[in-house]
Amino acid sequence: MAIVPVRVLTDNRLNYGLDMADPGILSRPLSYTSKLEQRTATDISLVVIHCTELPDLAMAREYAEKIHYPESRTGNSGHFYIDRDGSIEQWVEPLGVAHHVADMNDHSIGIELVNRGRYPHWFNSNHQQAEENYPQQQINALLVLLEMLTDKYPALKTIAGHQDLDTRMIPAADKPELLVPRKIDPGPLFPWADVLAHVNLTRAGKPS
Ligand SMILES: [Zn+2]
(Lines give C-alpha, C1' and ligand atoms only; values in the text may rest on other atoms or scores of the structure.)
Protein backbone atom coordinates (compact mmCIF):
# COMPACT_ATOMS: atom_id res chain seq x y z
CA MET A 1 0.00 0.00 0.00
CA ALA A 2 1.39 3.37 -1.03
CA ILE A 3 1.76 6.00 1.66
CA VAL A 4 0.80 9.42 0.40
CA PRO A 5 3.09 12.11 1.85
CA VAL A 6 0.89 14.57 3.64
CA ARG A 7 2.42 17.63 1.97
CA VAL A 8 1.46 16.69 -1.56
CA LEU A 9 -2.22 16.75 -0.67
CA THR A 10 -3.79 19.87 -2.11
CA ASP A 11 -7.51 19.48 -1.47
CA ASN A 12 -7.59 21.05 1.97
CA ARG A 13 -5.28 24.03 1.67
CA LEU A 14 -6.65 26.96 3.59
CA ASN A 15 -7.48 30.26 2.03
CA TYR A 16 -6.80 33.21 4.27
CA GLY A 17 -7.98 35.66 1.68
CA LEU A 18 -4.60 36.88 0.53
CA ASP A 19 -3.73 36.45 -3.14
CA MET A 20 -0.03 37.01 -2.68
CA ALA A 21 2.40 34.98 -0.65
CA ASP A 22 -0.10 32.21 0.04
CA PRO A 23 2.09 29.62 1.70
CA GLY A 24 -0.52 26.92 1.22
CA ILE A 25 -1.30 26.13 4.81
CA LEU A 26 -2.25 22.50 5.23
CA SER A 27 -5.25 21.84 7.47
CA ARG A 28 -4.71 18.75 9.57
CA PRO A 29 -7.07 19.03 12.56
CA LEU A 30 -6.29 17.19 15.77
CA SER A 31 -8.79 14.49 16.68
CA TYR A 32 -10.31 16.50 19.55
CA THR A 33 -10.70 19.93 17.93
CA SER A 34 -14.51 19.72 18.02
CA LYS A 35 -14.29 19.45 21.82
CA LEU A 36 -12.31 22.69 22.31
CA GLU A 37 -14.06 25.83 23.47
CA GLN A 38 -14.89 28.33 20.76
CA ARG A 39 -14.50 32.12 20.60
CA THR A 40 -15.12 34.97 18.19
CA ALA A 41 -12.56 36.65 15.95
CA THR A 42 -12.46 39.81 18.07
CA ASP A 43 -11.36 37.80 21.11
CA ILE A 44 -7.99 37.13 19.49
CA SER A 45 -5.49 39.78 20.67
CA LEU A 46 -2.22 37.90 21.25
CA VAL A 47 -0.02 35.50 19.33
CA VAL A 48 2.40 33.32 21.29
CA ILE A 49 5.58 31.98 19.69
CA HIS A 50 6.64 28.52 20.80
CA CYS A 51 9.14 25.92 19.76
CA THR A 52 8.26 22.25 19.98
CA GLU A 53 11.43 21.17 21.84
CA LEU A 54 11.08 17.94 19.86
CA PRO A 55 13.08 16.55 16.91
CA ASP A 56 10.36 16.59 14.27
CA LEU A 57 6.77 17.36 13.37
CA ALA A 58 5.69 13.72 13.65
CA MET A 59 6.65 13.58 17.32
CA ALA A 60 5.00 16.96 17.92
CA ARG A 61 1.83 15.47 16.48
CA GLU A 62 2.03 12.52 18.89
CA TYR A 63 2.36 14.88 21.84
CA ALA A 64 -0.45 17.13 20.63
CA GLU A 65 -2.84 14.20 20.24
CA LYS A 66 -2.33 13.06 23.84
CA ILE A 67 -5.36 13.62 26.07
CA HIS A 68 -4.35 15.76 29.06
CA TYR A 69 -7.76 16.91 30.20
CA PRO A 70 -9.95 13.87 30.87
CA GLU A 71 -13.15 15.84 31.37
CA SER A 72 -13.07 17.58 28.00
CA ARG A 73 -11.05 14.79 26.30
CA THR A 74 -8.60 17.38 24.91
CA GLY A 75 -4.84 17.94 24.98
CA ASN A 76 -2.09 20.56 24.59
CA SER A 77 -1.17 22.01 21.22
CA GLY A 78 -0.60 25.13 19.21
CA HIS A 79 -2.89 26.24 16.41
CA PHE A 80 -0.16 26.32 13.76
CA TYR A 81 3.04 24.33 13.26
CA ILE A 82 5.88 25.51 11.03
CA ASP A 83 8.47 22.94 9.98
CA ARG A 84 12.13 23.72 9.30
CA ASP A 85 11.47 23.88 5.55
CA GLY A 86 8.83 26.57 6.01
CA SER A 87 5.77 24.39 5.46
CA ILE A 88 2.84 25.39 7.64
CA GLU A 89 0.12 23.21 9.09
CA GLN A 90 -3.00 24.22 10.98
CA TRP A 91 -3.95 21.74 13.68
CA VAL A 92 -6.55 23.87 15.48
CA GLU A 93 -8.73 26.45 13.77
CA PRO A 94 -8.00 29.92 15.25
CA LEU A 95 -11.52 30.25 16.65
CA GLY A 96 -10.93 27.12 18.70
CA VAL A 97 -9.27 27.68 22.08
CA ALA A 98 -6.12 25.50 22.01
CA HIS A 99 -4.23 24.77 25.23
CA HIS A 100 -0.74 26.17 24.61
CA VAL A 101 0.01 28.67 27.40
CA ALA A 102 -1.08 29.02 31.01
CA ASP A 103 -3.94 31.46 31.68
CA MET A 104 -3.93 33.14 28.24
CA ASN A 105 -5.43 30.56 25.93
CA ASP A 106 -8.80 32.25 25.57
CA HIS A 107 -7.43 35.29 23.70
CA SER A 108 -4.32 33.90 22.02
CA ILE A 109 -3.13 31.97 18.99
CA GLY A 110 -0.22 29.57 19.46
CA ILE A 111 2.38 29.10 16.73
CA GLU A 112 4.83 26.22 17.19
CA LEU A 113 8.16 26.17 15.36
CA VAL A 114 9.76 22.76 14.95
CA ASN A 115 13.05 23.01 16.85
CA ARG A 116 14.79 20.59 19.24
CA GLY A 117 15.18 23.09 22.05
CA ARG A 118 16.44 21.15 25.07
CA TYR A 119 15.24 17.76 23.77
CA PRO A 120 15.52 15.13 25.18
CA HIS A 121 16.82 16.36 28.54
CA TRP A 122 14.46 19.31 28.96
CA PHE A 123 14.91 19.68 32.69
CA ASN A 124 18.48 18.54 33.28
CA SER A 125 20.51 21.26 34.96
CA ASN A 126 23.40 20.82 32.49
CA HIS A 127 21.21 20.83 29.37
CA GLN A 128 19.52 24.22 29.39
CA GLN A 129 21.04 25.70 26.25
CA ALA A 130 19.04 25.41 23.04
CA GLU A 131 21.49 24.88 20.18
CA GLU A 132 19.38 24.59 17.04
CA ASN A 133 19.06 27.73 14.93
CA TYR A 134 15.81 28.70 13.23
CA PRO A 135 16.31 28.37 9.44
CA GLN A 136 15.49 31.47 7.41
CA GLN A 137 12.76 29.65 5.46
CA GLN A 138 11.05 28.78 8.73
CA ILE A 139 11.16 32.43 9.85
CA ASN A 140 9.97 33.61 6.43
CA ALA A 141 6.96 31.31 6.70
CA LEU A 142 6.28 32.66 10.18
CA LEU A 143 6.29 36.22 8.83
CA VAL A 144 3.81 35.32 6.10
CA LEU A 145 1.57 33.56 8.61
CA LEU A 146 1.71 36.52 11.01
CA GLU A 147 0.75 38.89 8.21
CA MET A 148 -2.18 36.70 7.27
CA LEU A 149 -3.35 36.50 10.87
CA THR A 150 -3.05 40.23 11.59
CA ASP A 151 -4.97 40.86 8.38
CA LYS A 152 -7.75 38.49 9.31
CA TYR A 153 -7.96 39.31 13.05
CA PRO A 154 -7.88 43.10 13.56
CA ALA A 155 -7.79 42.80 17.36
CA LEU A 156 -4.49 40.92 17.11
CA LYS A 157 -1.98 43.52 18.32
CA THR A 158 0.59 41.78 20.50
CA ILE A 159 3.16 39.00 20.22
CA ALA A 160 5.04 37.20 22.97
CA GLY A 161 7.40 34.31 23.50
CA HIS A 162 6.10 31.46 25.63
CA GLN A 163 9.12 31.92 27.91
CA ASP A 164 8.05 35.50 28.63
CA LEU A 165 4.53 34.48 29.68
CA ASP A 166 5.44 31.43 31.74
CA THR A 167 8.48 32.16 33.91
CA ARG A 168 7.94 29.41 36.46
CA MET A 169 11.01 27.52 37.69
CA ILE A 170 10.96 23.84 38.61
CA PRO A 171 13.43 21.46 40.30
CA ALA A 172 15.97 20.06 37.83
CA ALA A 173 15.46 16.42 36.86
CA ASP A 174 19.04 15.48 37.73
CA LYS A 175 19.60 17.78 40.73
CA PRO A 176 16.32 18.65 42.47
CA GLU A 177 18.12 21.23 44.60
CA LEU A 178 18.63 23.31 41.44
CA LEU A 179 15.86 25.13 39.61
CA VAL A 180 15.46 25.22 35.83
CA PRO A 181 12.91 27.11 33.73
CA ARG A 182 9.75 25.24 32.89
CA LYS A 183 9.63 26.98 29.51
CA ILE A 184 12.49 28.39 27.45
CA ASP A 185 10.75 28.59 24.10
CA PRO A 186 11.35 30.03 21.61
CA GLY A 187 14.69 30.74 23.32
CA PRO A 188 17.67 33.03 22.69
CA LEU A 189 18.20 31.85 19.09
CA PHE A 190 14.82 33.16 17.96
CA PRO A 191 15.41 36.33 15.84
CA TRP A 192 13.12 38.74 17.67
CA ALA A 193 14.49 41.93 16.11
CA ASP A 194 14.05 40.54 12.61
CA VAL A 195 10.50 39.38 13.28
CA LEU A 196 9.39 42.57 15.04
CA ALA A 197 10.76 44.66 12.17
CA HIS A 198 8.43 42.89 9.74
CA VAL A 199 5.13 42.60 11.59
CA ASN A 200 2.54 45.04 12.87
CA LEU A 201 2.64 43.64 16.40
CA THR A 202 4.02 44.86 19.72
CA ARG A 203 6.02 42.49 21.88
CA ALA A 204 4.30 41.68 25.17
CA GLY A 205 5.55 39.96 28.28
CA LYS A 206 8.96 40.21 29.82
CA PRO A 207 11.67 40.49 27.15
CA SER A 208 14.59 38.22 27.86
ZN1 LIG B 1 5.72 26.72 24.35
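Two residues are in contact here if their C-beta atoms, placed from the backbone, lie within 7 Å.

**View 1. Overall fold of the protein chain in a predicted model.** Of contacts between residues at least 6 apart in sequence, 72% link residues at least 24 apart. Four helices and nine strands make up the secondary structure of the protein chain. Their order along the sequence is β-β-α-β-β-β-α-β-α-β-β-α-β. The protein chain has 208 residues, and 31% of them count as buried.

**View 2. Strand β2, residues 46-51, is mostly covered.** Six of the six residues in β2 are buried. Cover lies over both faces of this strand. One side carries Leu-46, Val-48 and His-50, all buried.

**View 3. Strand β2 pairs with strand β5.** β5 spans residues 108-113. The two strands run in the parallel sense, with six bridges between them. Cys-51 can be followed across this pairing: its bridge partner in β5 is Leu-113.

**View 4. Strand β2 pairs with strand β6.** β6 covers residues 158-161. Four bridges join β2 and β6, and the strands run parallel.

Technical notes. Residues are numbered from 1 along each chain as its sequence is written. This is a predicted model: local features need pLDDT of at least 70, side-chain atom pairs count only at pLDDT 80 or more; totals for chains, interfaces and linings use all residues. A residue is buried if 20 or more other C-beta atoms lie within 10 Å of its own, exposed if 12 or fewer, and partly exposed in between; C-beta atoms are placed from the backbone. Two strands pair if DSSP finds at least two bridges between them.
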